[in-house]
Amino acid sequence: MKIVTIEFNNKYLLFPPHIFIKIIYFGGYVIVMKLIDFIVSFFTSIVLIITPQVFSSDSSGNLIFDFSGNDEVLIETQLKQKSTNNEIFIKENKNSSGQNDVLNSDGIEILNPDITEVLKSEEIKVLTADGVCLMPLDDYITCVTAAEMPITFEKAALESQSVSARTYTLYKMSHPSGTHPEADVCTDYTCCCAYISYNEAVSRWSEETADSIFKTIKEAVENTSGLILTYNGAAACAVFHSSSAGYTENASSVWGNNVEYLQSVETYENTEPTSVEFTEDEFTAILKDNGYDVLSPVIYKVVYNDSGRAAKIDFGDISISGIAARKLFGLRSCSFTLDFDNGKFIFNVGGYGHGVGLSQYGANEMAARGYDFKNILLHYYPGTEITEINYRDIF
């Protein structure tokens, strides 16, 4: 049997000079994972999947893989595709007697074929622009919270965002959409959550700024580690948004289905409204280009729901929903008024986002008023409970 070490030698890393690979076995596949070094490769990992020709166990129950020459080429090719800045070396592990080592602290770690306990860890599969990465859940939550909320926000607000993001992540994992079957979650905010890695933060701002952001966010995540919101014993769909104008929105008004803990509640915040203007010709053209053949757009009526958001705009016999109007006219939310003045249609818009669940600016205002993260969360998700989870009970 030949045991291989896949060794990364990154030209751009100052220390340590080598990042090693851990191989685990699961469901007929070999998962090769780059071990995470917190200082050098902050929140980075690499995963690729290959199928071995032969695998067996030794007397101690350690899994041994027999990689053929073709397998080695496949490994090297896939690694180069995933990590173009790295030099990759593949070599055999030999002990002093010339035999293969099953475990090598400086190289690969061959794990027991019963992978149950490995999967019952805090790690999740995250689809990034570079492929699927295996990372600790709270590392992912740190990157999400860093992208979702400014570090200038109050400590309790950051903590409430961390719990919301952790809860929503576990909810998504238990209700997979099929969009990315190879991963639990992704870094596309339109699908899962906004996300920024440490390296991306360095590129966008500076190393000093990135250090400050991740230090602050990491503290909030660690302070709430293991805590999620549950409803009837299951992870809640803890959606969140930027801000609301006075009241949050009911889930039923946005997605059509009623969710007991996603109801409209008063929110304590004071954000500046935005204004969007269109000439009459521009306004009419947008409506007609999208199938609303309005004869006279000047004659209209905005109908509001109980949360103060536009439920629809009536143009005589033709109606357009508030959600559709927001999309067509590029508005920040459905909390808008519409005026016609001097030949122009003027939207005045309050809040930002769909308005359901936690309001981030509202959470910050509550934190400034002395509420802790638990009070904040139970306000925006009425009827839920804050539960301490054991990761081994989830994965």
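This is a predicted model: local features need pLDDT of at least 70, side-chain atom pairs count only at pLDDT 80 or more; totals for chains, interfaces and linings use all residues.
Reader: Which residues line the second largest pocket and lie nearest its centre?
Author: The lining (residues with an atom within 4 Å of a point) counts 28 residues. Nearest the centre lie Tyr189, Thr190, Cys192, Phe240 and His354. Now look at the helices (DSSP runs of H or I, at least four residues) and strands (E, at least two), numbered from the N terminus. Helix 3 (137-148), helix 4, strand 13 (240-241) and helix 7 (251-255) each give this lining at least two residues.

Reader: Which residues of the largest nonpolar core touch the most other members?
Author: In soluble globular proteins, nonpolar side chains tend to be buried together. A core joins buried Ala, Val, Leu, Ile, Met, Phe, Trp, Tyr and Cys through side-chain atoms within 4.5 Å. The largest one here has 59 residues, and Tyr140, Leu262, Ile376 and Tyr381 touch the most other members. Helix 4 (residues 155-174) contributes the most to this core: eight residues. A second, separate core has 18 residues, among them Phe315, Ala325, Phe347 and Val349.

Reader: What does Tyr381 touch?
Author: Count contacts (heavy atoms within 4.5 Å), and leave out residues up to four places away in sequence. Tyr381 then touches Ser164, Leu229, Ala238, Val239, Phe240, Tyr261, Leu262, Gly357 and Leu358.

Reader: How many aromatic pairs does the structure hold?
Author: It holds 16. Rings of Phe, Tyr and Trp (its six-membered ring) pair with centres within 6.5 Å; planes under 30 degrees apart are stacked, over 60 edge-to-face, the rest tilted. Tyr168 and Phe240 are edge-to-face, at 6.4 Å centre to centre and 75 degrees between the planes. This pair links helix 4 to strand 13, 72 residues apart in the chain. Both Tyr168 and Phe240 are buried (under 20% relative accessible area; exposed is over 50%, partly exposed in between; 1.4 Å probe, protein chains only).

Reader: Is the pair of Tyr300 and Phe315 stacked, edge-to-face or tilted?
Author: Tilted, at 6.4 Å and 50 degrees. Tyr300 is in the loop between helix 8 (280-289) and strand 15 (301-304), and Phe315 is in strand 16 (residues 310-315). Tyr300 counts as partly exposed because its relative accessibility is 22%. Phe315 has 7%, so it is buried.

Reader: Is Thr248 buried or exposed?
Author: Buried, because its relative accessibility is 0%. Thr248 sits in the loop between strand 13 and helix 7.

Reader: What phi does Asn232 have?
Author: A positive one, about 55 degrees, although Asn232 is not a glycine. Asn232 lies in the loop between strand 11 (227-231) and strand 12 (234-235). At 72% relative accessible area, Asn232 is exposed. Asn342 also has a positive phi, near 50 degrees. Its loop runs between strand 18 (336-341) and strand 19 (344-349). Asn342 is exposed, at 74%.

Conventions:
Residues are numbered from 1 along each chain as its sequence is written. Side-chain values use heavy atoms; hydrogens and water are left out. On a 1 Å grid over the protein atoms alone, a cavity is a set of points where a 1.4 Å probe fits but cannot get out, and a pocket is an open set with protein on both sides within 12 Å along at least five of seven lines; lining residues have an atom within 4 Å of a point.
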